[in-house]
Amino acid sequence: MAHADIGAVAGRLLVGLADRKYLEREWAAALALYRAAHERHPAISAERGLPLMIGHCAIEAADPPQLETLVLETGAVTESPRSQTFTHDMLVRAKNLASGGEYLRASRLLNFLASWFKPLEQTYGEGLLTGSSDWRSAFDRPDNRDPPVVAAERLHDLPVQDLRARYAGRRLLVVARRSFFGGAHRQYDVIDNLARTATEFGLAVREHHSHPPHPFLDRASFIATLQTAIDDFQPAVILFEELFAGGFSAEPEAVKPVTEILASARARFGTRIITTYTDAWDMVNRPGNPLYTGLGELVDVVHHCHPAALDQASPEQRAATCCFTLPTWNPGLTSAAGTIPRGCFIGSMSYINMSRLAWWVETQRAGLPIDFIETFQTSPELASDRAYMETLRSHQLSINLTRRATGATILTGRTIETMLAGGVLVEEDSVDTRYFFKPGIHFMPFKTLADLREITAALLDDPARRHALAAEGHRWAAKYCTGTYFWAAVLAHLG
């Protein structure tokens, strides 16, 4: 065996031993082995991404006083399964550190990882720790003009009652996902809110589930039952979630039969088709931007609630787009609001919103009076809809974090849920939310940790301002975001 081959084998064995120590969480031993492999076998170090592991082990092995001054090599991880596995492990480790109250070490790990992991690079790179914004202008001089959605969807002139009368008794088939099955405490899924509010508007509604996982559907049964549902129900309108872009209809083998089924419904029953997207922010980054697939041939109207995507639409596409909030449940809570003199974030943390982990770590390290309550969507112990809304109401401030993995800051369900619960919304600034609501009147926006520190202090010391934000936010959301204006706006686009 050639000398170079022997050296390569020795280098890989050394890395394998270091990996074992890493997985056993023997940080100092793993660090020494990784450093030896890095110095003796630079080609293997580059191939295996060893500077990433060296940095992590150095952070874990350091005493707290050393963490602030620790100098680490940064760079770009290869897109190898190995690098992705270690990156994921470090994110989980950072969460575990945060859960154990080790916010300094978790912060150092996330800041280091930000040079290797793009979502965190965006979060920290835009000044989370070092920047500030002009939040005071919204606080001291809020603009009381209508948000852009009012003019764009002509809300003041929308003939709501005429549309109610025109569509009274018309059949609507809602083809959408269901995220929660078999839980009486979860009755306000998106599909629930669509069906309930459509019925209240006067439509005759039937549901058809469109996305896996589903306990009774696969692609073949979805296609067969969709055909049967349309034949039996003969809908005047189909509202189809993520048609050809998500769920069963996006599977290559389903595109042709679903196209034929919908084209047949249009020909036989005069059915009009609306596509809706809960996550249009993700669609616009996919190849070909599937938001407008089938528009003009199969699809009549495209609905989404991501106004940042409107500038990417052609004039014809924009004319066929209804950009409006999805119907949201108004629980009508009567319990005392603001009984907990702190802020609160309640929600999930996953790859698509990993910046939330950074905010959790950095706010706690800075000592901000904010509780972080992580939820797990698949947990059988998931709180009920009402308990979740009570949490948004009971804290004096509800903190909403809106950034997604693409860097987009978006309108989230929590934005509207906080207002309908009677809570005070303090939200990571988003073009989307500003399109539907008024900063300084319905909510307070922030961009950086310094902003959030100052805003929480100002609002926690000002009950009158909190009351005004909660009251105005609730009034606006109760009028425009609970279903009536959604159905009027989207049906008005059908012409």
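**View 1. Arg 171 and Phe 233: a charge over a ring.** The charged end of Arg 171 sits over the ring of Phe 233, 6.0 Å from its centre. A charge counts as over a ring if NZ of Lys or CZ of Arg is within 6 Å of the ring centre and within 35 degrees of the ring normal. Arg 25 likewise lies over the face of Tyr 22, at 5.4 Å from the ring centre. This is a predicted model: local features need pLDDT of at least 70, side-chain atom pairs count only at pLDDT 80 or more, and totals for chains, interfaces and linings use all residues. Residues are numbered from 1 along each chain as its sequence is written, and side-chain values use heavy atoms, without hydrogens or water.

View 2. Helices (H or I, at least four residues) and strands (E, at least two) are DSSP runs, numbered from the N terminus. Five of the five residues of E3 are buried, so the strand is largely enclosed by the rest of the structure. Buried means under 20% relative accessible area, exposed over 50%, partly exposed in between (1.4 Å probe, protein chains only). Val 237, Leu 239 and Glu 241 lie on one side, Ile 238 and Phe 240 on the other. Strands pair if DSSP finds at least two bridges between them. E1 and E3 run parallel, joined by four bridges. Five bridges join E3 to E4 (residues 272-277), also in parallel. Phe 240 has Thr 275 of E4 as its bridge partner.

**View 3. Helix H12 and its packing.** H12 (residues 190-201) has twelve residues. Its buried residues include Ile 191, Leu 194 and Phe 201. The buried residues pack against H11, E1, E2, E3 and H23. Gly 202 follows H12, with a positive phi near 120°.

**View 4. Lys 95 in helix H6.** Lys 95 belongs to H6 (residues 81-99). Is Lys 95 buried or exposed? Lys 95 is buried, at a relative accessible area of 17%. Lys 95 touches Met 349, Leu 357, Trp 360 and Glu 374, not counting residues up to four places away in sequence. Contact means heavy atoms within 4.5 Å.

**View 5. Aromatic pairs.** Rings of Phe, Tyr and Trp (its six-membered ring) pair if their centres lie within 6.5 Å; planes under 30 degrees apart count as stacked, over 60 as edge-to-face and the rest as tilted. The count comes to 15 aromatic pairs. Phe 117 and Tyr 351 have ring centres 5.7 Å apart and planes at 70°, so the pair is edge-to-face. These two residues are 234 residues apart.

Methods: Expected span 1.5 Å × (residues − 1).
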